[in-house]
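My notes follow in the order I looked things up.

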Amino acid sequence: MDHKNFETIAIRTQTERSQYQEHSVPIYLTSSYVFEDAEDMRASFSEEKERNIYSRFSNPNTSEFAEKIAKMEGADTGFAFATGMSAVFSTLAALLNSGDHIISSRSVFGSTHALFTKYFPKWNISHSYFSVTEVDKIESLITPESKILFAESPTNPGVDILDLEKLGEIAKKHNLILIIDNCFATPYLQNPIKFGADLVIHSATKLIDGQGRVLGGVTVGSAELIREIYLFSRNTGPALSPFNAWILSKSLETLPVRLDRHCENALKVAEFLEADPNTANVKYPFLKSHPQYEIAKKQMKQGGNIVSFEIKGGIEAGRKFIDAIQLCSRSANLGDTRSIVTHPASTTHSKLSDEERLETGISPGLVRISVGLEHVDDIIGDLKQALNS
Ligand SMILES: Cc1ncc(COP(=O)(O)O)c(C=O)c1O
């Protein structure tokens with residue numbers, strides 16, 4: 001039976017039961033699989049038969065996880081990776097050739113930026129950036145070599161929103177492959193394929209795991225594009241481990257209920273911060289003051305769990321605030337049950353110049369909060385005492 005409701009897909013998409021009739025899917029910790037006879041082996045390797053051969057290619061747990069995300073995103077199929085970055089790298093590397101050009105939003109995750117600026121030039125793959133307020137300039141960046149249009153929305157750590165429908169129209173008009181890193185939204189809050197994306201990537205390490213335990217990544221999209229990505233990955237070996245896939249697939253069963261509470265808490269935290277005299281420029285997609293509020297409402301179900309704001313007083317005030325925090329964790333991860341505060345200018349983005357940081361939307365006093373599932377009064381209480389300290 002094919003289910004359409006998100007919550008039911010999250011729970012009832014599962015690997016076929018074994019002869020033991022287990023209720024919960026077991027962990028298939030096996031690197032390889034056995035064959036009936038020589039003919040079975042030949043037919044399997046020539047792909048006349050669809051079956052597991054070796055866990056670098058496929059495994060019941062990783063396939064279940066990828067299939068679940070594909071259904072949630074409205075994609076044909078997908079491939080699961082060891083990390084979000086292996087998903088980003090393998091997806092791009094599988095599709096690009098020497099001489100190709102990528103057009104990307106400037107506000108991308110730091111390691112994705114490193115791929116574009118440090119590694120891809122080694123293979124003669126170039127890029128052009130547009131800023132989140134310059135979507136109208138994208139067409140002027142297109143060259144005959146342009147192949148991929150890449151963006152994240154909401155962005156990390158600026159929590160800016162890009163208009164996915166506009167990106168979809170541009171990609172279609174100019175025959176570009178539109179790839180969206182949907183990590184901050186999860187498939188529950190936003191489905192980029194509906195707006196014209198060809199491929200959707202997730203770091204499953206964040207809200208998909210949701211409990212800060214394992215790393216993982218996934219790319220979903222059309223059968224044709226995923227086939228290219230699968231063939232590249234089958235040879236280069238970035239596959240997700242079956243154990244991590246099992247954890248992540250189990251986590252997806254509770255994604256909707258977790259996300260509902262994350263978003264409810266995050267909106268309350270954002271409203272509290274906006275009213276506090278020590279803060280400025282509070283950014284949360286579902287706050288009316290967010291510069292792209294209307295776009296967020298159009299493409300997202302709720303605002304997600306990340307709130308960013310500036311502490312008045314710059315980099316020193318930012319560090320002081322982080323030192324005064326008692327309940328929330330000082331950590332670089334996000335999307336955990338535990339609330340986490342980060343000061344990008346002195347940590348994750350400290351190697352960039354002030355100018356480069358500002359270009360990516362990171363001011364000296366910017367703080368990013370990944371709002372968790374503790375009682376919201378306790379989260380707000382901690383932020384309040386730290387702001388007043
Ligand atoms: C938007 C975004 N994309 C990709 C990644 C990379 O994911 P991973 O850490 O699983 O490699 C991250 C990690 O923070 C991220 O925030």
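**Entry 1**

I started with an open sheet of 5 strands, which run in the order 8-9-12-11-10 with mixed pairing. I keep in mind that this is a predicted model. Next I looked at the edges. Strand 8 (279-283) and strand 10 (329-330) stand there, each with a single partner strand, so one side of each has no neighbour in the sheet.

Then I picked one pair inside the order. Strand 9 (residues 306-311) and strand 12 (residues 366-370) pair in the antiparallel sense, over 5 bridges.

**Entry 2: helix 13**

Which residues of helix 13 are buried? I found A317, G318, F321, I322 and A324 in this helix, which spans residues 314-324. I then looked down the helix axis. The buried residues of helix 13 fall within an arc of 165°, so they line one face of the helix. On the other side of helix 13, I noted E316, K320 and D323 as exposed.

What covers the buried residues of helix 13? The cover includes strand 9, strand 10, strand 11 (340-342) and strand 12. Helix 15 (376-388) is also part of that cover.

**Entry 3: D100**

I moved on to a loop. D100 is found between helix 4 (84-95) and strand 2 (101-105). Is D100 buried or exposed? Its relative accessibility is 13%, and buried means under 20%, so D100 counts as buried.

I checked what lies around the side chain. A polar atom of the D100 side chain lies 2.7 Å from the backbone nitrogen of N97. I then left aside the neighbours of D100 within four places in sequence. The remaining contacts of D100 are L95, N124, I125, S126, E145 and K147.

**Entry 4: the largest pocket**

Last, I looked for open space. The largest pocket has a volume of about 750 Å³. How many residues line the largest pocket? I noted 26, of which E50, F57, S58, S63 and Y230 lie nearest its centre. Helix 3 (60-73), strand 1 (77-81) and helix 9 (223-236) are the elements that give two or more residues to this lining. Helix 9 gives the most, with 5 residues.

Technical notes: Residues numbered from 1 in each chain as written. Predicted model: local features only at pLDDT ≥ 70, side-chain atom pairs only at ≥ 80, totals over all residues. Heavy atoms only, no water. Pairing = 2+ DSSP bridges. Helix = DSSP H or I, 4+ residues; strand = E, 2+ residues; numbered from the N terminus. Buried < 20%, exposed > 50% of the residue type's maximum accessible area, 1.4 Å probe, protein only. Arc of directions from axis to C-beta. Contact = heavy atoms within 4.5 Å. Polar contact = N/O pair within 3.5 Å; in protein donor to acceptor, adjacent residues only side chain to side chain. 1 Å grid on protein atoms, 1.4 Å probe; cavity = no way out; pocket = protein on both sides within 12 Å on 5 of 7 lines; lining within 4 Å. Points joined across faces, edges and corners; volume = space filled by probe spheres on them.
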